Amino acid sequence: MHFHHHGYVSEDPRIHAAAGSGIDRPTELPETMDVLIVGTGPAGMITAAQLAQFPDVTTRIVERRGGRLELGQADGIQARSVETFQAFGFAERIIQEAYRITETSFWRPDPDNSSHIVRTARTPDDPHGISEFPHLIVNQARVLDYFAESMALAPTRMAPDYGWEFVALEETGQGEYPVQVTLRRTVGEDAGSERVVKTKYVVGSDGARSQVRQAIGCKLTGDKANHAWGVMDVLAETDFPDIRMKCAIQSGSGGSILLIPREGGHLFRMYVDLGVVPEDDNGAVRQTTIDQIIAKANDIIAPYSLDVKEVAWHSVYEVGHRLTERFDDVVESERGQRTPRVFITGDACHTHSAKAGQGMNVSMQDGFNLAWKLGHVISGRANPQLLDTYSQERQVIAQNLIDFDKQWSTLMAKKPEEFESPSELEDFYVRTAEFPAGFMTEYPESLIIGGTDHQDLATGFPVGKRFKSSPAVRVCDANPLELGHLAEADGKWRIYVFADEQEAAANSATRRFADWLTTAPQSPLAATPAGASDDAFVDVKVIYQQPYDSIDLNDVPEAFRPKVGRYRLTFLQKVFGTGMDTDIFAARGISRSGAVVVVRPDQYVAQVLPLDATDQLGEFFAPLLTH
């Protein structure tokens, strides 16, 4: 954690000094704002938490409920999301309270007695070592609490405005705040009253029945639901031996269960197969009672049984896979002629089953993707055309999710005799592990993703995919650290400079690159505002091939030792070397001739370049960091 650079800090260092819109932040919803977020679900809250790091951006987030969510429907937290939580500063704490999935058990009908089930396989949750972060189960409400804390501690001192629901919007195209939004009060003595606020941008994170989506003429289209599931969070006495394991259970009767243990040691969730929904059902399946769901679960897990003591929550849902054609207010015929003003995220633009554990996870990545872009454009760092990349990138990812979820949902609903092989379900689970873990996202070449001409210089950091961390040893204090874990959700671009073998030479490629960074007008560092810390917009780290204890910090170029804070103190914690067990060059396929790896604020690799490709790097950043 980095602090004291603005002066001595004796209290909680996570609390940033109030700045910009956080100074004298009005308690009541103001008349105007830069961004209005509708909905405090995962997508809305991560958007707000990221924008809270931009002091000169005024953001408000409204919610029709009168207070915080108490019982969340989503619970699965994939490793990619935990990586993201690390950037927001609460991964370690949420890991401590969550249930951790390490294996999945598969149960099928007993060959000798098809009315009973037997365990047929146990597979590791991350068989390929995709991430050092775990797969967690924790109540969605707790995730939202952590994001709310991050917002409150940020310079803007953000907090949700509860008790307001979205009614309508109008894009006037006039003035500094060209979008008018009508809101209705839902709580208190003035419930039912309406007011109009003006904003530059609107983010609709208001769920599958999104009013914001309807306001911009987007529609969810796709497959109709044809299969129903009862879901329940319960406390129960049971003799089922894997009750504290994630399980995929298929019975001889044809019913199936996805069992998810919950945090705390006793609570667990069951998705119970209720079968195919007839076309003329007209919603009747939704009237299935909790007693019927429990009875069905007992039938499926025979010879074991459940004696349910308490039901914390239950519901019935029909699996449908639906997607909007765009995630903003710009129709295809206008694309490139104007920039978006209204965006939709999460369930507002894609819906699918809950059994792949992707809803909350993909929704949060929607918000993370969008928020830093809004922050950069509104604060004047980047060209507004940056906002076009949100819909371009995330709509494709949502389609990929729906395609995957269709396969998984279909397999879960199959009868045992319909499988081509007894291990088909678990084989699919292992083969596709990278997708549900959140690491298959690979953005194509665009304004913010470069080409792959130099991918061979860093094969372990694929352009377009998230920056996969690896250990390196910090020179100044000999600490072995995960390089990726040091990247905070602070809206900064990151440049990782992997030094060449000849870096000690006076005219080495590394030193020439460092000199360009600090002197060239085309350098991304040249966009840093006067008086700000040298790393205010771009965080530059250097990783040497030499052992950490052979590197003289006084000989390290100034580009890698920035001056920060009120007193312009030299920051030494951006210089790394290798250790006995930590050669990141070997681990991530880095060329011994060196490489430059550029990473976006949302942790995706944007460029891999040779050390002498300064012209190309300058051209890449030209529209992204205005000088």
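Trainee: Hi! What kind of model is this, and how are residues numbered?
Mentor: Hi! This is a predicted model, where local features need pLDDT of at least 70, side-chain atom pairs count only at pLDDT 80 or more, and totals for chains, interfaces and linings use all residues. Residues are numbered from 1 along each chain as its sequence is written, and side-chain values use heavy atoms, with hydrogens and water left out.

Trainee: Let's start with holes. How many cavities of 30 Å³ or more does the structure hold?
Mentor: The structure holds three of them. A cavity here is a set of points, on a 1 Å grid over the protein atoms alone, where a 1.4 Å probe fits but cannot get out. Grid points are joined across faces, edges and corners, and a volume is the space filled by probe spheres set on the points.

Trainee: What volume does the largest cavity have?
Mentor: The largest cavity has about 120 Å³. Its lining has 15 residues, and E83, F467, G484, H485 and Q603 are the closest to its centre. Lining residues have an atom within 4 Å of a point.

Trainee: Which element gives the largest share of that lining?
Mentor: Helix α2 (residues 79-88) does, with four residues. Helices (H or I, at least four residues) and strands (E, at least two) are DSSP runs, numbered from the N terminus.

Trainee: And what's the lining of the largest cavity like by class?
Mentor: Six residues are nonpolar, five polar and four charged. Ala, Val, Leu, Ile, Met, Phe, Trp, Tyr, Cys and Pro count as nonpolar, Asp, Glu, Lys and Arg as charged, and the others, Gly among them, as polar.

Trainee: What about the second largest cavity, which residues line it?
Mentor: That cavity holds about 40 Å³ of space. Its lining is A87, F368, A487, E488, R494, V599, R600, P601 and Q603. By class, that makes five nonpolar, one polar and three charged residues.

Trainee: Switching topic: which domain does UniProt list for residues 441-625?
Mentor: The unreviewed UniProt entry gives "domain: Phenol hydroxylase-like C-terminal dimerisation" for that stretch. UniProt positions are in the numbering used here, feature names are shortened, and annotations may be inferred rather than shown by experiment. In the model, residues 441-625 are 12% helix and 22% strand, with the end C-alpha atoms 25 Å apart.

Trainee: Now rings. How many aromatic pairs are there?
Mentor: There are 23 aromatic pairs in the structure. Rings of Phe, Tyr and Trp (its six-membered ring) pair if their centres lie within 6.5 Å; planes under 30 degrees apart count as stacked, over 60 as edge-to-face and the rest as tilted. One of the pairs is F467 with Y496, stacked at 4.5 Å centre to centre with 10° between the planes.

Trainee: Why does the F467 and Y496 pair tie together separate parts?
Mentor: F467 lies in the loop between α9 (424-431) and β21 (471-474), while Y496 is in strand β23 (residues 493-498), so the pair ties together parts that are 29 residues apart in sequence. Both F467 and Y496 are buried, where buried means under 20% relative accessible area, exposed over 50% and partly exposed in between (1.4 Å probe, protein chains only).

Trainee: How do W493 and F621 pair?
Mentor: W493 and F621 are edge-to-face, 5.2 Å centre to centre with 80° between the planes. W493 is in strand β23 and F621 in helix α12 (residues 614-621), 128 residues apart. W493 is buried at 0% relative accessibility, and F621 is buried with a relative accessible area of 0%.

Trainee: Which residues form an aromatic cluster?
Mentor: F85, F88, F90, Y146, F147 and F368 form one.

Trainee: Which charges sit over rings?
Mentor: R341 lies over the face of Y201, 4.8 Å from the ring centre. The charged end of R466 sits over the ring of F439, 3.8 Å from its centre. The rule is that NZ of Lys or CZ of Arg is within 6 Å of the ring centre and within 35 degrees of the ring normal.

Trainee: Last one: where is the cis peptide bond?
Mentor: It joins A302 and P303, with omega about 15°. P303 is in the loop between α6 (290-300) and β17 (306-318). Most residues other than glycine have a negative phi, and most peptide bonds are trans. R157 has a positive phi of about 50° although it is not a glycine, and R157 is partly exposed at 26% relative accessibility.

Note on methods. 1 Å grid on protein atoms, 1.4 Å probe; cavity = no way out; pocket = protein on both sides within 12 Å on 5 of 7 lines; lining within 4 Å.
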